Amino acid sequence: MAKTFKNFIGGKWVAPSTGSYVQNRNPADTNDLIGRFPDSGKKDVAEAVKAAAAGFARWRATPAPARGDVLKRVGDLMVAHKEALAQEMTREMGKVLAETRGDVQEGIDTAYYAASEGRRLFGHTVPSELHRKFAMSYRRPIGVAGLITPFNFPMAIPTWKMFPALVCGNAVIFKPSEDVPATGHRLVELLLEAGLPPEVIQLVHGRGETAGQALVSHAGVSLISFTGSTATGSKIGEMCGRMHKRLSLEMGGKNAQIVMDDADLDLALDGVLWGAFGTTGQRCTATSRLILHQKIHDRFLQRLADAAGKLRLGDGRQPRTEVGPLIHEAAREKVERYVEIGQGEGAELVLGGKRATGGKYADGWFYRPTIFAGVTPKMRIATEEIFGPVLSVLRVRSFDEAVRVNNGVPYGLSSALYTRDVHLAFRAMEELDNGITYVNAPTIGAEAHLPFGGVKQTGNGHREGGWEVYEFYSETKVCYVDYSGVLQRAQIDNYD
Ligand code: UN1
């Protein structure tokens, strides 16, 4: 009998008020039931907000370096449990072990960065325009942070949001994706083991339309950070706009890798295999378009189809597996729909285009790596996010055309250029309309200590990771101290 999990609210593990649960199954073997997780509702969220408000009052008074020390201990615990966390994560989410180890590592990197930020959180001191007057800014916590995270990075993405939020002094309500609640549960256990005061973190499991919606619309939650689809992000944006909430959105992508005729083609091939089919294409940063210079198009496509056809699909826990299953049946059906759309649009299916079934695939949500050639820039498979192992290949005549194609989609997360020409490399950095551009490296692989995010419909101007995220989770306060003993009127009594 699989375990029944609870929410963590007000320092206690509690059952959901709804009495209902969501089943969590291994996507590589759906007979493997990992657990039953709360399908929480409004009432659970309201309880969590009340508890978090009390937690905030205490945590904001804790010195920031001491808050950072808790995160240092969380990082140490993640190091100690890295392998077990990775194994559990692959069972729950499907991606291969090397990747889930990387996912935990990204969490560790984020923990140590956030821990040290507790000793920075810099403000500014600024000269005043008046005599004997001191001017400075410093950073204050905001309140209760509602964090809504996706399935594809079950550990890393929650840490990107939670650790900066905590070191800045906010209390957190965490709603992990209903597809990866076990990793969310483990993360909260580690925070508590590291000594985080229990009322500072609330874990509310559940679905987006219910628990997520209740969190976004609750007046006691001052800020929301969401990673997920652009459609859901728009709805959250409307609600937060009406309620004047601070909001960070990290949404879809349609990332392209460009390969020029002078590129190192071996390197470019390794790059696209990893970028397109790593994580079974389920990254916001996944390479879903390949833009090939016409001079190398046929040659490169042939090599790519041969190599992608040899990728070993299977259970991510088997050491030889290179591509795992999709997260659930609905994801697989979405991929199937797009494969039909691509064929209907006249693109040429050069690889895959079908489920992997029977034998070891019988009980999992497997789909074969798929490549379409002859794709043109306006096709839906060239512009819409599929979030699966489907790559659309486009042919261009020049670098300028490649830039136009790259920029001609509504999204703007990452891009990659393979070339040996230093001029083109610098032009790409300037002209590709994305939040992140890689030169001679794939579209995936952002590092935790640099800002992460995209332009256009990928985001709303904020960044996760690096130094910028600390701005999002804190409010600037400015203080002036006049020690002249007389009234000095700014803009009027200056320069006497
Ligand atoms: C995501 O897919 O939402 O750059 C995050 C990368 C990873 C993070 C991806 N470090 O691909």
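A polar side-chain atom of Thr 285 lies 2.7 Å from an oxygen atom of the ligand, where a polar contact is a pair of N or O atoms within 3.5 Å. This is a predicted model, in which local features need pLDDT of at least 70 and side-chain atom pairs count only at pLDDT 80 or more, while totals for chains, interfaces and linings use all residues. Residues are numbered from 1 along each chain as its sequence is written, and side-chain values use heavy atoms, with hydrogens and water left out.

**Contacts and cover of the ligand**

- Glu 106 places a polar side-chain atom 3.1 Å from a nitrogen atom of the ligand, whereas Gly 445 uses a backbone N or O atom, which lies 3.0 Å from an oxygen atom of the ligand.
- Taken alone, the ligand exposes 320 Å², of which the protein buries 99% (accessible areas come from the Shrake-Rupley method with a 1.4 Å probe).

**The shell around the ligand**

- The residues that surround the ligand include Phe 153, Trp 160, Arg 283 and Ile 444, and a residue counts as near the ligand if one of its heavy atoms lies within 4 Å of it.
- This shell divides into seven nonpolar, three polar and two charged residues, with Asp, Glu, Lys and Arg counted as charged and Gly among the polar ones.

**Strand pairing**

- Strand β4 (residues 21-26) runs antiparallel to β5, to which six bridges join it, and two strands pair if DSSP finds at least two bridges between them.
- A hairpin through two residues joins β4 to β5, and Asn 26 has Asp 29 in β5 as its bridge partner.
- Strand β1 (residues 3-4) runs parallel to strand β5 (residues 29-38), with two bridges joining them, and Lys 3 stands opposite Gly 35 in β5; strands here are DSSP runs (E, at least two residues), numbered from the N terminus.

Methods: A polar contact is a pair of N or O atoms within 3.5 Å; within protein, one must be able to donate a hydrogen and the other to accept it, and residues adjacent in sequence count only if both atoms are side-chain atoms. Helices (H or I, at least four residues) and strands (E, at least two) are DSSP runs, numbered from the N terminus.
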